[in-house]
Amino acid sequence: MSVLRQGYVIGPIIGVIWVFVAAVTVAVAMSFATGDAFRPSALYSLIVGAPLGVACLGAARGQLILAAGCAGFVLLMLLGIGPVLTEDVGVMGKIIAGLVLGLAVCWPLLAFLKEAHKGEMTRHIFEDAVIRFLTGFGYVFFTAIVFIPFYVMVMTSFKNQSELIQNPLDFSLDLSKGWDLFRSYTELFADFNFGTYLLNSMFISVMAVFITLLFSVPGAYAVARLRFKGQAMMSRSILLIYMVPIIVLALPIYIAFSMTGLRNTIIGILLIYPVTTIPVALYMLQGYFRGLPAEIEEAGLMDGLSRLAVIWKITLPLSLPALASVSLYVFMIAWNEFLLAFMLLDDPSKFTLTRGIASLNSSEIPRQHLMAGSVVATVPIMVLFLGLERFMTKGLTAGSVKG
Amino acid sequence: MTQVLPPTGTTPLAKREARLAWGLLAPTLTSVALVVVLPLLAIFWISFKPIGLSDLRPAAPVVRESLRGSDENMRIEYRVRNSSQDTEVTEVTLADTIPSGLTLRALPDGCSLDGAALFCDIGTLEGGYNERLRIPATAADKDAMEALAEGSAPIVTGESDSILTNFEFSFVNFARIFDGDEFWGVLGVTMFYTVVGTIGALGVGLFAALLLDKSFKGQGILRGLYLFPYVAPVIAVAFSWLILFDPFSGSANALLIQMGVTDDAINFFGEKPLALIMVTVFEIWRYFPLSFLFILARMQSIDTDMYEAADMDGASPFQQFWYLSLPQLLGILSVLFLLRFIWTFNKFDDIFLLTGGNAGTRTLTVNVYEQAFAVSNIGAGAAVAVVIFLCLLTFSVFFFKYVSREEGL
């Protein structure tokens with residue numbers, strides 16, 4: 001280990017790996033943005049990264065290295081060598097790629113190695129440098145893996161079939177098309193009934209939230225506050241119920257609904273959805289109710305309120321944040337639910353959004369429609385979630401919730 | 001002097017409280033019983049019965065009425081058919097109203113005419129058979145009568161033995177699913193998917209939590225962004241992955257070819273070992289946010305004094321993580337492991353949407369769907385569901401053993 005702690009060893013190692021990571025990132029980003037051919041090179045990363053790593057070791061004049069790095073990478077790009085290789089890319093593209101690469105390599109590298117020095121380091125300094133490097137790598141890695149699928153989803157919906165097949169990497173938008181960019185969206189709403197699906201999904205999700213709250217608030221209160229035989233067993237079996245896989249239930253439900261004519265009706269869906277969400281809601285709420293001080297409720301009881309009045313006038317107003325997060329969570333489950341809608345709905349006028357997207361998945365329908373449908377289903381839940389993220393994260397962790 | 005004793009047994013107040021509790025729980029309990037317990041019992045029932053999708057409609061007689069021939073040969077014909085090919089229908093009867101203006105000249109055996117009401121007792125119809133009743137008749141205006149006679153629909157009734165409700169049981173379904181290598185292959189795939197998916201999601205989630213366990217500008221935005229995979233509808237992200245990794249026009253393949261990693265396009269979701277790895281990676285990608293959220297919440301509740309003390313004592317960052325953070329996180333990690341293990345084991349939509357269970361990615365849950373709907377063998381599907389449920393019960397026993405020690409869950 002002490003060999004690793006030598007500045008001349010760890011500096012070049014981090015330098016080489018980081019240059020390669022940055023090169024891959026810049027190449028992928030530039031490819032996705034312009035559709036041109038950018039390619040990272042492991043060999044050049046080695047050649048460039050090792051001396052750069054040494055140069056950054058405890059560097060006092062960071063700005064100088066940064067400026068020199070940027071200029072150097074632009075020069076390398078223009079010469080056609082360096083960690084990112086190009087084919088048929090214009091001068092402008094090369095300069096931009098070089099600048100971005102220079103920043104992406106030098107700035108983090110300086111930060112990683114600012115406390116490191118030449119010669120042997122203490123364990124503390126050494127591990128700090130490694131951790132900073134891992135952190136930088138982590139940010140790039142996570143942002144990329146989360147961002148890319150959604151980027152592909154949105155950008156594909158603005159393209160058309162021939163463009164997509166011609167160059168699958170070209171996600172640049174042709175802004176001269178103007179409103180025509182949104183063609184797949186207008187077609188979805190005009191020809192594929194997505195307006196109806198959107199309304200159906202809205203209606204079903206909102207109703208599911210109401211029914212779930214109606215059932216789970218009294219139930220959660222009983223489990224959390226009232227003393228009765230079987231209370232402990234009850235709070236455990238709630239958990240057990242939401243571990244039962246939906247597919248196991250879906251089969252008999254399908255049979256029963258076929259026999260009673262509830263298949264293909266929104267009523268039927270509304271009978272099922274809340275039951276899948278009630279146990280989750282009940283579990284989250286009872287956790288919250290337990291945390292509320294019982295003394296306030298007892299004071300209410302002493303002052304002559306009945307139990308139900310206590311719930312209505314004291315407990316519920318106090319647990320508004322919990323109700324918000326439970327509602328949000330139930331809404332999300334109902335909105336995203338796919339399996340039951342897929343099995344139980346065949347009539348296009350009753351489709352939910354997820355079922356509607358599934359119906360777009362055929363070889364006759366171009367894929368930009370499929371992606372536009374996905375965007376239509378994703379955007380409302382994302383907006384809602386980002387707006388109320390505070391409640392969501394709190395509620396999720398407080399109630400420990402299903403996936 | 002009598003001694004004052006506390007009341008023994010349940011007091012009226014306690015009784016009232018218990019009654020209220022059950023009253024408040026009643027709606028939930030009823031609905032859960034109807035939608036969870038009843039279907040579970042039904043699954044057990046069906047798993048012992050060799051039935052297919054077509055047996056869901058019980059065998060019943062079907063009738064077609066027509067007025068045929070003319071003058072001497074004019075007759076009403078009832079063609080009663082058994083809807084099922086192999087189940088017999090017993091006690092078949094037929095009732096119809098004969099319009100005025102149509103006179104029946106003779107009645108076949110088993111039929112009686114009361115005013116305008118015709119009633120026939122046909123008896124037993126074997127599976128796949130049909131019975132023709134020809135009743136000679138006279139009418140003045142044939143075309144008008146034809147419309148009238150065929151306008152009034154005859155009513156047929158019959159008793160059939162539905163395989164769903166009778167009391168014959170067999171182990172055919174279980175013999176069928178345990179027979180051959182297929183089941184063990186499916187079980188192996190399920191275990192790989194579950195174990196790797198769970199550990200992967202936990203590991204990646206832990207890494208993400210370590211990244212965000214410090215306050216800096218934009219931390220909120222990053223946290224929101226990292227939760228996206230979990231919040232987005234599964235169908236939307238699954239199709240995005242399919243399009244991203246498409247073998248013919250997917251960006252991932254174009255990128256890999258351009259970078260010289262591979263010469264030919266890779267069929268990510270269509271080749272045997274690769275497809276399973278891909279669906280597992282998808283599972284990790286989709287559910288790391290959940291573990292990340294829980295681990296982060298636990299991390300932020302750890303006291304910072306401890307780390308300062310460790311710093312004073314000269315512990316290096318990795319030592320602090322290994323000897324201080326990890327032991328504190330072990331509780332939430334083990335609970336998350338068990339929960340995620342159970343839920344990954346139960347997961348259906350993801351694999352169904354990505355590969356449909358092809359290319360060696362058929363897990364137990366996908367097998368339920370395959371057996372019941374693709375092969376139309378509901379009995380076998382139910383048998384697989386029962387196997388899943390029994391596995392689940394086993395896991396739950398473990399879960400409750402651990403969870404009872406962990407507070408907060």
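Predicted model: local features only at pLDDT ≥ 70, side-chain atom pairs only at ≥ 80, totals over all residues.
Let me begin at the boundary between the two chains, where 13 residue pairs are in polar contact across the interface of chain B and chain A, counting pairs with both residues at pLDDT 80 or more.

On the side of chain B that touches chain A, helix α1 of chain B, residues 12-47, gives the most, with 19 residues. As for the extent of the contact, 100 residues of chain B are in contact with 102 residues of chain A.

The size of an interface is often given as the accessible area lost when the parts come together. For chain B and chain A that buried area is about 8900 Å², and carbon and sulfur atoms give 80% of it. Which three residues supply more than any other three of the area that chain B buries against chain A? They are Leu24(B), Gln258(B) and Trp343(B), which together supply 7% of that area.

Turning to charges, side chains of opposite charge can pair when their charged atoms come close. Across the interface of chain B and chain A, the rule finds 3 salt bridges. In one salt bridge, the side chains of Glu17(B) and Arg307(A) meet with an N to O distance of 4.0 Å, and I would mention that the cut-off in the rule is itself 4 Å.

Over all chains, by this rule, the count comes to 16 salt bridges. One that I would like to show you lies within chain A, where Arg225(A) and Glu297(A) form a salt bridge whose closest N and O atoms are 3.0 Å apart. Arg225(A) lies in helix α8 of chain A, residues 194-225, while Glu297(A) lies in helix α12 of chain A, residues 294-302, so the pair ties together parts that are 72 residues apart in sequence.

Now let me move to the sheets of chain B. Strands of a sheet pair through backbone hydrogen bonds, either parallel or antiparallel.

One open sheet of 4 strands in chain B has the order β1-β2-β7-β4, with antiparallel pairing. Its edge strands, each pairing on one side only, are β1 (61-68) and β4 (102-104) of chain B. Neighbouring strands of this sheet are turned against each other by 30 degrees on average, with direction ignored.

Within this sheet, β1(B) and β2(B) pair in the antiparallel sense over 8 bridges, and Ser66(B) has Glu77(B), in β2(B), as its bridge partner. The hairpin of β1(B) and β2(B) has 6 residues between the strands, and in this hairpin Gly69(B) takes a positive phi near 65 degrees. Strand β2 of chain B, residues 75-82, also pairs in the antiparallel sense with strand β7 of chain B, residues 130-139, over 7 bridges, and there the bridge partner of Arg75(B) is Pro136(B) in β7(B).

There is also an open sheet of 4 strands with the order β5-β6-β3-β8 in chain B, again with antiparallel pairing. Which strands form the edges of this sheet? They are β5 (111-114) and β8 (155-160) of chain B, each of which pairs on one side only. From one strand to the next, the twist averages 15 degrees.

Going through this sheet in order, β5(B) pairs with strand β6 of chain B, residues 117-125, in the antiparallel sense over 4 bridges, and Leu113(B) stands opposite Leu118(B) in β6(B). Strand β3 of chain B, residues 89-97, and β6(B) then pair in the antiparallel sense over 7 bridges, with Val92(B) standing opposite Gly123(B) in β6(B). Finally, β3(B) and β8(B) run antiparallel and are joined by 5 bridges, where Thr90(B) has Glu159(B), in β8(B), as its bridge partner.

Technical notes
Residues numbered from 1 in each chain as written. Chains lettered and ligands numbered in written order. Heavy atoms only, no water. Contact = heavy atoms within 4.5 Å. Buried area = accessible area lost by both parts, 1.4 Å probe. Polar contact = N/O pair within 3.5 Å; in protein donor to acceptor, adjacent residues only side chain to side chain. Helix = DSSP H or I, 4+ residues; strand = E, 2+ residues; numbered from the N terminus. Pairing = 2+ DSSP bridges. Axes fitted to C-alpha atoms, helices over the stretch in contact; angles between N-to-C directions.
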